[in-house]
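Student: Could you take me through the salt bridges here, slowly and closely? I would like to see which residues pair up and where they sit.

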Amino acid sequence: MAITPDYLRDAGEVVAAAASVREAAATWRTRDPSMRVVVVDAMDMRGETAALTLGKRRIFLATTNGHCWSTTDLAEEASALILTED
């Protein structure tokens, strides 16, 4: 599934409005059950480039080859959202 600019914008609105990134992940999983959404510690994503920064919160895009996960800058490859908060 490719992530469009509108999709990322909508996800950003949910992440920004939620009381926590965990709440945002749960809300997004309900809105789009086909999208994998995970929350990790911000330190785990150090050195990676966020697709969207919302104050202390960030959204990263990830892809998988079926076994290993990796971050991607290419929205058309993304099949997951990784959420962090400083």
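Tutor: Let's start with the term itself: a salt bridge is a side-chain nitrogen of Lys or Arg within 4 Å of a carboxyl oxygen of Asp or Glu. Side chains of opposite charge can pair when their charged atoms come close. In this structure there are 5 salt bridges. Before we look at them, please note that the model is predicted, so local features need pLDDT of at least 70, side-chain atom pairs count only at pLDDT 80 or more, and totals for chains, interfaces and linings use all residues. Residues are numbered from 1 along each chain as its sequence is written, and side-chain values use heavy atoms, leaving out hydrogens and water.

Begin with aspartate 6 and arginine 9, whose side chains meet in a salt bridge at 2.9 Å, N to O. Both residues lie in helix H1, 3 residues apart, which is about one turn of the helix. (Helices, H or I with at least four residues, and strands, E with at least two, are DSSP runs numbered from the N terminus.) How open are these two to the surroundings? Aspartate 6 counts as partly exposed because its relative accessibility is 46%, and arginine 9 is partly exposed too, at 43%. Here, buried means under 20% relative accessible area, exposed means over 50%, and partly exposed is in between, using a 1.4 Å probe and protein chains only.

Arginine 9 has another partner: aspartate 10 forms a salt bridge with arginine 9, and their closest N and O atoms are 2.9 Å apart. Aspartate 10 has a relative accessible area of 23%, so this residue is partly exposed.

To finish, go back to the residues we began with. Salt bridges that share partners join Asp6, Arg9, Asp10 and Glu13 into one network.
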